[in-house]
Amino acid sequence: MLIAGFPAGAWGTNCYVVAPAAGEECVIIDPGHQATQGVEDALKKHRLKPVAVVLTHGHIDHVASVVPVCGAHDVPAWIHPEDRYMMSDPEKALGRSIGMPLMGELTVGEPDDVKELSDGAQLLLAGLEFGVAHAPGHTRGSVTFRTPEAADVPQILFSGDLLFAGSVGRTDLPGGDHAELLESLARVCLPLDDATVVLSGHGPQTTIGRERASNPYLHGLAAPRRGM
């Protein structure tokens, strides 16, 4: 698997371009503020053709470049229905103005084709498979994307702003709920193998094992029993 990731814009949000290999179709995850050029550079460097944009949640730092990226390549954007409104009304999602200078650089609104994600869905895109898990807490419609288990290949969890290296997503914005975030961490993250690679919405990559051992927000949490 080819993963080209880069931090973009004023918030340093990680955007990921994911493909089976160079020269193939790809999926773009979270093209946020000022991510358009980075996306185009990755597509050109690896000779990739986008088939979809998928979004871990609707905050403006993760969706600001969705309209130009989808428009340039005529592809749909996938987002959870509870966060869909944020693409057209980013200030409502933040509970305050994000500032006129930044607003002048944003293309607010939905792309022409929007598809909605659901918990437990299996997305088959660009020859890749992503398991979708609804993980509210940072926002009501936050989701994660996980690659399948495979022998000798660690799973990858695109965690959005649910889990970071050494921390977790903030819960003080509209739709945030700290107790709900902890429940999502326990349900979505803790059952995964320690070798699972975590590619977050901000900051460096980590692993589930590293976070299980050292992330203070995971201490005291227990994964739900199987069948529950």
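Is phenylalanine 145 buried or exposed, and which ring cluster does Phe145 belong to?

Modeller: Bearing in mind that this is a predicted model, phenylalanine 145 has a relative accessible area of 1%, which lies under the 20% limit, so Phe145 counts as buried. Ring pairs link Phe145 with Tyr16, Phe130 and Phe158 into a cluster, and by the rule applied here the count of aromatic pairs comes to three. One of them joins tyrosine 16 and phenylalanine 158 in an edge-to-face arrangement, with 5.4 Å centre to centre and 65° between the planes. That pair links distant parts of the chain, since tyrosine 16 belongs to strand β2 and phenylalanine 158 to strand β10 (residues 156-160), 142 residues apart. Tyrosine 16 is buried at a relative accessible area of 8%, and phenylalanine 158, at 1% relative accessibility, counts as buried too.

Turning to the ring you asked about, phenylalanine 145 forms an edge-to-face pair with phenylalanine 130, at 6.5 Å centre to centre and with 75° between the planes. Because phenylalanine 130 lies in strand β8 (residues 128-134) and phenylalanine 145 in strand β9 (residues 143-146), this pair ties together parts that are 15 residues apart in sequence. Phenylalanine 130 is likewise buried, with 1% relative accessibility.

Definitions and conventions: Residues numbered from 1 in each chain as written. Predicted model: local features only at pLDDT ≥ 70, side-chain atom pairs only at ≥ 80, totals over all residues. Heavy atoms only, no water. Phe/Tyr/Trp six-rings, centres within 6.5 Å; stacked < 30°, edge-to-face > 60°. Helix = DSSP H or I, 4+ residues; strand = E, 2+ residues; numbered from the N terminus. Buried < 20%, exposed > 50% of the residue type's maximum accessible area, 1.4 Å probe, protein only.
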